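Please find below my notes on the model you sent. They go point by point and keep to what the coordinates show.

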Amino acid sequence: MCGIVGYVGAKPAEGVVIEGLRRLEYRGYDSAGIALVDAGSIVSDKRAGKLANLEKAIAESPLPPVTTGIGHTRWATHGPPTDRNAHPHVGRARRVALVHNGIIENFAALRGRLESAGVEMASDTDTEVAAHLLEEQLETGVDLTVAMQNVCRGLEGAFTLVAVDSQDPDRVVAARRNSPLVVGIGEGENFLGSDVAAFIEHTREAMELDQDQVVTITREGVAVSGFDGTPAEGRRYHVDWDLSAAEKDGHDWFMRKEIFEQPRAVADSLLGRRGTDGLLQLDEMRLSDQDLRDVDKIIIIAAGTSFYAGMVAKYAIEHWCRIPVEVELASEFRYRDPILTSDTLVVAISQSGETADTLQAIRHAREQRSKVLSICNTNGSTIPRESDGVIYTHAGPEIGVASTKGFLTQLVACYLLALYLAQVKGTRFGDEISQVMDQLERMPAHVQSVLDKAEEVYSLARDHVGSRSVLFLGRHAGYPVALEGALKLKEIAYLHAEGFAAGELKHGPIALVEEGLPILCVVPPRGRDQLHDKMISGIQEVRARGARTLCLAEEGDTTIEPYADVLITLPQVPVLLQPLVAVVPLQLFACELATQLGHDVDQPRNLAKSVTVE
Ligand code: F6R
């Protein structure tokens, strides 16, 4: 997830672009860059680190006061966050400058073709290929709009592209496929942005585009077309949010916005994982197939929410790969003197990539000669840098302290790892792996269908503002979901909340149950008959003792109806993938309850986003 700005008008473009980037910095902040069109040439500057680094560089070497420009603030996906990988990227003749959000899935093939035609790449990014391709098109004599249409037809993946042509200074052209882009419509000036926050200071008139459309902005107007050149109309609307709501896309909290971003985050985390041969590919795995074949034990280490993702991973890896998996709290790992060999694969899961407990644990594992693979959301952070391989999740920056989209994308990465190991070790047939990938690719739509019913969950949360304690029950892959639901409620609503494995209740915790105690129950899909029926028995037990049962169960599961005081339905999905949909109502529940209680949901008391002390 990156922030993109484009401007053409009468004002100095530098100011408009930098201010827009500042408003979009929440979308990514590991590098920033700007390109302006000045008398037939591109003038650009780009710097690793926060926007302030770019501003400092510009203050030292000022840019010309021209009125057409583009800018970018990056959340790295391909290549580390360095000056050379920062956007904008330029073509070979520096005629075109281009910024990009998303992932171009077929970039490796395109890069290969360009390199064999003699193009030297100046970065590790997937973006740069699009700049060269645009320039190739312009050399045939077409204008930037047609060049963009032609290039986009050959791109796969999800992308927003914004480009300028030094030979056509009054035009900025953008394209989108499955990635955000809005147009800001002004008087004698027009804007492009990843969202309206980029230009809301200048205009509140905006235009939405459909998928696979190209938009051209000039001072005088805005023209939209399909990738095939067919003229199209954008949908105009008026923005009545204030600036702070605009940054949150109209939501009251970043956390709520991030919950609603999950379909996109899950889809992005799945992009580019299947090669043209149908096999799974994990770009930065860096561990050889032989190394992975030799693995005889996996230890997953993580903290908090990431630890619960690890618990789900255990079910998936053991089931699909038949490799024993231990899941360990990072803070406990070193102190039990774990048995580690060169055939142990240690998997560290961390959204921030900076958690001190997890970092110390991987250092210990590497000292014992074990291989370390990290699952991380933050490109260039310490944990992936100190790992032998990495699977990046593509959630984009998570601003809310309580992790939401971080968790869902970690789950996706865990499933991908499990399937990749199954492919390498041959424990699942190729068609079985493809079938699970197909099911995973349907998950963004399933998550969306849960979000579409958010109001039901909000009203349930409002009914519980007076509750002093809430319990969560789950079994199998639903058990970590119950733990995560309880953690969310503790973190932001400051309520006593505990998650239990349903079968464990009768061994003690059932003593907590009293008249009216709300218990959220994650009911497994019926595919696993025993599991499902055992869960129902657990629900019956607590209900018989006066608990108020709030059940999450798949659509069509009528067996639960007699035992549910409230029933929230989930889409029908396979048992191992159910955490991806089951956790969403629990996130919504916690977010709404905390809001009703008047708490600061994004920055809960006593917590920090990145815990860099042990
Ligand atoms: C929960 C939460 C924390 C983190 C934990 C690990 O909402 O945010 O429990 O999950 O501190 O952080 P990372 O994943 O950055 O290592």
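In what order do the five strands of the open sheet that contains S21 stand, and is their pairing parallel or antiparallel? The points below start there; note that this is a predicted model.

1. The order is S22-S21-S23-S24-S25, and the pairing is parallel. The edges are taken by strand S22 (496-501) and strand S25 (566-570); each has a single partner strand, so one side of each is left without a neighbour in the sheet. On average, neighbouring strands here are turned by 20 degrees against each other, direction ignored.

2. Within this sheet, strand S21 (residues 469-474) pairs with S22 in the parallel sense, over six bridges. Phe-472 has Gly-499 of S22 opposite. Helix H20 (residues 579-596) packs on the sheet and touches S21, strand S23 (518-522), S24 and S25. The direction of H20 makes about 155 degrees with that of S23. Another helix, H17 (residues 454-462), lies across strand S24 (548-554) and S25, and runs at about 150 degrees to S25.

3. Ser-469 belongs to strand S21. Is Ser-469 buried or exposed? Its relative accessible area is 17%, under the 20% limit, so Ser-469 counts as buried. Leaving aside residues up to four places away in sequence, Ser-469 touches His-496, Leu-517 and Pro-518. Ser-469 and Leu-512 are 43 residues apart along the chain, and their C-alpha atoms are separated by 9.9 Å.

4. An open sheet of five strands is also found with the order S17-S16-S18-S19-S20, with parallel pairing. Strand S17 (325-329) and strand S20 (389-392) stand at the edges; each has a single partner strand, so one side of each lacks a neighbour in the sheet. The twist from one strand to the next averages 20 degrees.

5. In that sheet, six bridges join strand S18 (residues 344-350) and strand S19 (residues 371-376) in the parallel sense. Ser-350 stands opposite Cys-376, which is in S19. Helix H14 (residues 405-425) packs on the sheet, touching S16, S18, S19 and S20, and its direction makes about 140 degrees with that of S19. Helix H10 (residues 304-321) lies across strand S16 (297-302), S17 and S18, and runs at about 175 degrees to S17.

6. On domains: the protein chain is divided into domain 1 (3-240) and domain 2 (250-428). Taken over C-alpha atoms, the centres of domain 1 and domain 2 are separated by 32 Å. How many residues of each domain are in contact with the other? The contact involves 16 residues of domain 1 and 17 residues of domain 2.

7. On aromatic residues: the count of aromatic pairs comes to five. In one of them, the ring centres of Phe-191 and Phe-199 are 5.9 Å apart and the planes are at 35 degrees, so the pair is tilted. Both Phe-191 and Phe-199 are buried. Together with Tyr-7, Phe-191 and Phe-199 form one aromatic cluster.

8. The charged end of Arg-605 sits over the ring of Tyr-494, 3.9 Å from its centre. Arg-256 lies over the face of Tyr-458, at 4.9 Å from the ring centre.

9. Ala-39 is not a glycine, yet has a positive phi of about 40 degrees. Ala-39 is in the loop between strand S2 (31-38) and strand S3 (41-48), and its relative accessibility of 78% makes it exposed. Arg-94, also not a glycine, has a positive phi of about 55 degrees. Arg-94 lies in the loop between S5 and strand S6 (96-104) and counts as partly exposed, at 39% relative accessibility.

10. Which residues are joined by a cis peptide bond? His-87 and Pro-88 are, with omega about 0 degrees. Pro-88 lies in the loop between strand S4 (68-74) and strand S5 (89-90).

How values were computed. Residues numbered from 1 in each chain as written. Predicted model: local features only at pLDDT ≥ 70, side-chain atom pairs only at ≥ 80, totals over all residues. Heavy atoms only, no water. Pairing = 2+ DSSP bridges. Helix = DSSP H or I, 4+ residues; strand = E, 2+ residues; numbered from the N terminus. Axes fitted to C-alpha atoms, helices over the stretch in contact; angles between N-to-C directions. Contact = heavy atoms within 4.5 Å. Phe/Tyr/Trp six-rings, centres within 6.5 Å; stacked < 30°, edge-to-face > 60°. Buried < 20%, exposed > 50% of the residue type's maximum accessible area, 1.4 Å probe, protein only. Lys NZ or Arg CZ within 6 Å of the ring centre and 35° of its normal. Domains from an automatic or database assignment.
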